[in-house]
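This report walks through selected features of one protein model. Have the sequence and the coordinates open while reading.

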Amino acid sequence: MLLTCVFRGFAQNDGILGKVYTIDTVMVSGSRSDCILQSTVPQHELRQKDMFTMGISDIADALHRLPGITLRDYGGAGGMKTVSVRGYGAQHTGVVYDGIMLNNSQSGDIDLSRYSLENLESLELVIGDYNDLFIPARQASTASVLTINTIPQLFQENGAHIMAQLSLGSFGFASPAFRYEQNLSSHLAISAFGEYVYAENNYPFTLYNLSQTSRQRRTNSQMKSGHGEINTLWRPNNRQQLKGKIYYYDNNRQLPGQIRYYTNDSWGALHDRNFFAQIQYQQFLSSQWSLKWMNKFNWASTRYHDGKYQDHSMDADYWQREYYTSACILYTPSDFVSIDYSFDYSFNNLNSSIETDKKPFRHSFLQSLSAKFTKNRFTALARLLASVYLNGTENGSSSNDMKRLSPSVSTSYRLLDNKEFFLRASYKNIFRAPTFNENYFYHYGTPDLKPEVTNQLNIGLSYNKSIKRVEFSGTADIYLNTIKDKIVSIPYNMFIWRNVNIGKARIIGMDLVSQISYQLHNKQKLTFASNYSYQQAENRTSSTSPYYNYQIAYIPQHSGSISLGYENPLINLTIHGTGTSNVWSNNEHYAGTQISGYMEWGLMAYRQFKLWGKEISLRGDLDNIFNKQYEIVAGYPMPGIHWKMTIHYQL
């Protein structure tokens, strides 16, 4: 809207001289929190400064501070980390990295452990439909979206900017990171980021076997990981922008096995590689029309090796590729109405080294038509998504083609004039197509699976108030989610499982988020932040089943986080805690399969100062200070008390 006003100003003639002048670029800044507060759907954001204030030390810790998220963490720096939002499962959560959604057509899971806080500008969670119209159709195709925004490139300052960082921690953890950015001209900027992580992950834990206990160490868990990316930004004028990114990730890690009654042996290893290149072009064609065009190529390789089998019978290599393009047209005929049409196409394929490989592929066509109306206190957004998936294989039978229409609608209303107090309500219908593993994996996949269909209803309040030195903001949401045709794996015998559409689920929940800041003095500030989530996620597959209404596996009924930060000229301090209630490792709640809840506490100390005119910061983190032993995934104990020290240099 601000850009529209500027462009209209460009088109006006000077009333005195009768000439048209082009003025210099005007930078307009506004409060991002206001947009989130007025959003028609639940929207939560952690910015870089928030992460320091709240004592967030890594990406897993950041995810714990967002409401409604259930994190699956296999422990340690090398453990895979996936998220489920409001009980839907990891495959229903889209992850956007700098404007374009990540994809894993093989399993549907996005491993968030490969993304670092050192290059992060913000982390944003949107539950339901996007409040923004000008987005690719794919970003409307999931029940929720987690957006990762890296540090933007500069245009305000000339010269090179360099960041160097080194982190050292418990259990052999070491991680250097480097960032370089520079304006090559007033229109062109480049940046590069690189990071390497090494970790032994051989932390101790206590093994309980009835009345006996023993102290052991985690084995076969070493990790060597690195990633680098190069970014370019070109702005030839005030109406056009071109962004480019090249990304590469390489992770060579050992895979620890489940800990069960003194069995702590594992010989598995996994080598993950990922390369992608993406480009985004945006142009404001006029005061009413805008264009966005995106393209991406993605390649990923997974190599699994099990040293227990000398004949290599369990080894397997997988390769997947994606070609993706998206075009968005935004039309704003008036100050109150906006309309967007987006078209996405992608081609995905997968092949492997196993003899039973069918070499599946999929053509995806997504189209969305969106409209937004804003007038005085009221905002309404409606979107219709048309999805077509054409499936095929090079060997054998393929899964069924799929097509659906998925509607969504959301509204927001300011309850009191001139007060930041909003009521919001939203509904979204969406579905998830089966992954290649669910369709084709040997002795597991089923080609004739139907997509999982989800419905989500949400009603919430958001409020913000400032009184002298105190500022308060908070949100409260209640929701109802349902899933039908849920894909469930059932055994036919000891060796053969099959995926079938027999599952149903209902999730009733509540999310509460609050933040209070108190300015003690000009240079002293207290910040309190908390979130709490309640999820009653019930298995509703069959009313005659003895497991009917049982809590779904790995979904806690209660979860939340809390932090208290003290900013001052000497040293910034934060105490923080995250925790969940008990969970079950299966939907049947068998005896001995309940995982105890936990509360983990940590401390952070941070100091920033200048040395010879350069910015240096020192940070120390002490996590799990009470040495609480707990598990998030059954059989994978999390680290006990551990530390990390970080030195950060900015040139």
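β10 has strand β9 (residues 173-183) as an antiparallel partner, with 8 bridges joining the two. A hairpin of 4 residues connects β9 to β10, and Asn 183 has Ala 189 of β10 as its bridge partner. β10 also pairs with strand β13 (residues 223-237), again antiparallel, over 12 bridges. There, Tyr 198 stands opposite Lys 224 of β13.

## Nonpolar cores

The largest nonpolar core contains 30 residues. Leu 63, Leu 112, Tyr 115, Leu 123 and Ile 148 have the most contacts inside this core. Two or more residues each come from α4 (59-64), β2 (69-73), β3 (81-85), β4 (93-97), β6 (120-127), β7 (144-150) and β14 (240-255). Leaving aside residues up to four places away in sequence, Leu 63 touches Ile 69, Leu 71, Val 83, Leu 112, Leu 123 and Leu 146.

A second, separate core has 18 residues, including Tyr 389, Val 453, Ala 505 and Ile 507. In soluble globular proteins, nonpolar side chains tend to be buried together.

## Two asparagines with positive phi

Most residues other than glycine have a negative phi. Asn 549 has a positive phi of about 70° and lies in the loop between β26 (524-539) and β27 (558-567). Asn 549 counts as partly exposed because its relative accessibility is 35%, which falls between the cut-offs of 20% and 50%.

Asn 624 also has a positive phi, of about 50°, and sits in the loop between β32 (614-623) and β33 (631-633). Its relative accessibility is 1%, so Asn 624 counts as buried.

## Confidence

The mean pLDDT of the protein is 88, and 92% of its residues reach 70 or more. Over residues 1-18 the pLDDT is below 50, and this stretch has 18 contacts in the model beyond near neighbours in sequence. Residues 25-31 also have a pLDDT below 50, with 3 such contacts. Where pLDDT is low, the predicted coordinates should not be read in detail.

Notes:
Residues are numbered from 1 along each chain as its sequence is written. This is a predicted model: local features need pLDDT of at least 70, side-chain atom pairs count only at pLDDT 80 or more; totals for chains, interfaces and linings use all residues. Side-chain values use heavy atoms; hydrogens and water are left out. A nonpolar core is a set of buried Ala, Val, Leu, Ile, Met, Phe, Trp, Tyr and Cys residues joined through side-chain atoms within 4.5 Å. Buried means under 20% relative accessible area, exposed over 50%, partly exposed in between (1.4 Å probe, protein chains only). Contact means heavy atoms within 4.5 Å. Two strands pair if DSSP finds at least two bridges between them. pLDDT is the predictor's confidence in each residue, from 0 to 100.
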